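Welcome to this structure. Here are a few notes to read alongside it, starting with the ligand and moving on to the pockets and the backbone.

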Amino acid sequence: MSKYFSGRFSSLTPYVPGEQPRDMQYIKLNTNESPYPPAPAVAEAAAREAERLQLYSDPECLELRNLMAERYQVKPENVVFGNGSDEILDLAFQAFADEAHPLAFADITYGFYPVFAQKNRIPYTEIPLKNDFTIDPEDYRGFPGTIVLANPNAPTGINLPLSVLEPLIAENPERVVIVDEAYVDFGGESAIPMTKKYPNLLAVGTFSKSRSMAGGRLGFAIGNAALIADIETLRYSLNPYNVNRMTAAAGAAILKHDDYYMENCKKIMDTQAWTTQQLQMLGFQVLPSCTNFVFAGSDKLDGETLYRELKQRGILIRHFSLERIKNYNRITIGTPEQMETLIREIQKLLEVKV
Ligand code: PMP
């Protein structure tokens with residue numbers, strides 16, 4: 001740290017992204033990327049825009065915005081885009097939380113929430129998940145601030161049904177509920193239709209996972225026009241060109257070929273079911289996941305050992321050192337072949353260990 005670094009940030013612990021080692025070719029099952037490439041038309045749309053990089057991007061992302069509005073049956077003014085949903089979450093935290101309106105989120109959830117809260121100097125409460133790693137909405141009832149829920153949750157993969165979530169939104173019209181739906185396309189139930197009914201509901205989404213765009217960085221929020229306008233005020237106060245030309249064009253092309261991506265989600269969920277079954281047969285406890293990853297742990301092989309041993313064998317999975325989940329690993333669902341390799345390697349490890 002330099003002596004010039006602002007005291008406001010000197011105790012900030014930044015988010016640690018999933019590792020991207022370059023020392024060898026890994027089977028990458030650690031950052032919940034899609035194993036499937038973009039549709040050819042998407043790569044072509046981005047390449048066409050690459051020839052016009054001398055021009056700023058459209059701050060309104062008009063084509064993309066109109067296509068999103070059509071896809072999700074909302075109006076263009078109900079949508080805002082970000083450089084990944086991380087940016088949207090950061091803007092939403094700034095917009096709807098402060099000293100007087102603290103944040104509440106689960107103790108085991110997306111690791112960026114406490115970082116954004118700390119960076120923006122927003123007090124927060126971490127609410128423990130139940131013993132079975134589910135969220136109990138009762139625990140959030142009466143909380144005098146802004147609630148953030150990843151649904152399905154990460155890294156657990158567990159989905160909270162909308163029927164359980166809705167009362168939390170309905171009973172608290174004075175505070176915003178942010179629902180982070182990064183993984184919803186894999187089998188969750190989106191809260192987007194409910195944004196028409198509840199002006200305090202903000203649904204946040206991303207093209208990173210279900211739409212093979214992690215490297216393109218495209219996130220969004222959908223909500224009541226007034227909530228979106230608040231986020232726009234902050235976005236225009238930071239970087240109106242936050243979505244670059246290539247990404248905006250790719251996003252529009254994706255929505256024109258959305259069937260391809262939704263089919264990929266189905267394929268991934270078939271592979272997820274197979275992987276879950278195989279891991280269970282090997283004695284793993286696997287949480288019920290509605291996402292493109294599974295959260296699994298075994299008494300026969302502790303979480304960190306499994307992570308380390310697989311890395312040596314060329315497979316990356318995500319290990320968290322948090323006490324409560326340190327015996328688990330989050331494993332992204334890749335192609336069927338990649339998952340067969342994973343299971344084979346775990347089998348070999350167990351033969352050695354038991
Ligand atoms: N929310 C959750 C729950 C996530 O796991 C992620 C991915 N790390 C994000 C948001 C952010 O994704 P992105 O910035 O790539 O849109």
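1. A residue counts as near a molecule if one of its heavy atoms lies within 4 Å of it. By that rule, the ligand is surrounded by G84, S85, D86, Y110, D180, A182, Y183, T206, S208, K209 and R217. This shell divides into 3 nonpolar, 4 polar and 4 charged residues; here Ala, Val, Leu, Ile, Met, Phe, Trp, Tyr, Cys and Pro count as nonpolar, Asp, Glu, Lys and Arg as charged, and the others, Gly among them, as polar.

2. Before going further, please note that this is a predicted model, in which local features need pLDDT of at least 70 and side-chain atom pairs count only at pLDDT 80 or more, while totals for chains, interfaces and linings use all residues. Residues are numbered from 1 along each chain as its sequence is written, and side-chain values use heavy atoms, with hydrogens and water left out.

3. Which side chains make polar contacts (pairs of N or O atoms within 3.5 Å) with the ligand? Among them is D180, with a side-chain N or O atom 2.6 Å from a nitrogen atom of the ligand. Y110 also has a side-chain N or O atom 3.2 Å from a ligand nitrogen. For R217, a polar side-chain atom is 2.7 Å from an oxygen atom of the ligand. On its own the ligand has 400 Å² of accessible area, and the protein covers 92% of this (Shrake-Rupley method, 1.4 Å probe).

4. Where does the ligand sit? Its space is the largest pocket, where sitting in a pocket means that more than half of the molecule's atoms lie within 2 Å of the pocket's grid points. A pocket is an open set of points on a 1 Å grid over the protein atoms alone, where a 1.4 Å probe fits, with protein on both sides within 12 Å along at least five of seven lines; lining residues have an atom within 4 Å of a point.

5. The largest pocket has a volume of about 1200 Å³, a volume being the space filled by probe spheres set on the points. Its lining has 47 residues, and Y15, V16, Y110, G111 and R318 lie nearest the centre. Two or more lining residues come from each of α3 (85-96), β3 (103-106), α4 (112-119) and β11 (315-319); helices (H or I, at least four residues) and strands (E, at least two) are DSSP runs, numbered from the N terminus. The largest share, 5 residues, belongs to α4. By class, the lining has 23 nonpolar, 15 polar and 9 charged residues.

6. The second largest pocket holds about 190 Å³ of space. Its lining includes E49, S57, D58 and C61, and α2 (62-72) and α7 (245-256) each supply at least two residues. The classes here are 6 nonpolar, 1 polar and 4 charged.

7. Finally, have a look at the backbone. N151 and P152 are joined by a cis peptide bond, with omega about -5 degrees, and another cis bond joins A154 and P155, with omega about 5 degrees. P152 is in the loop between β5 (146-150) and α5 (162-170), and P155 lies in the loop between β5 and α5. N32, although not a glycine, has a positive phi of about 55 degrees; N32 is placed in the loop between β1 (27-29) and α1 (40-50).

Note on methods
Polar contact = N/O pair within 3.5 Å; in protein donor to acceptor, adjacent residues only side chain to side chain.
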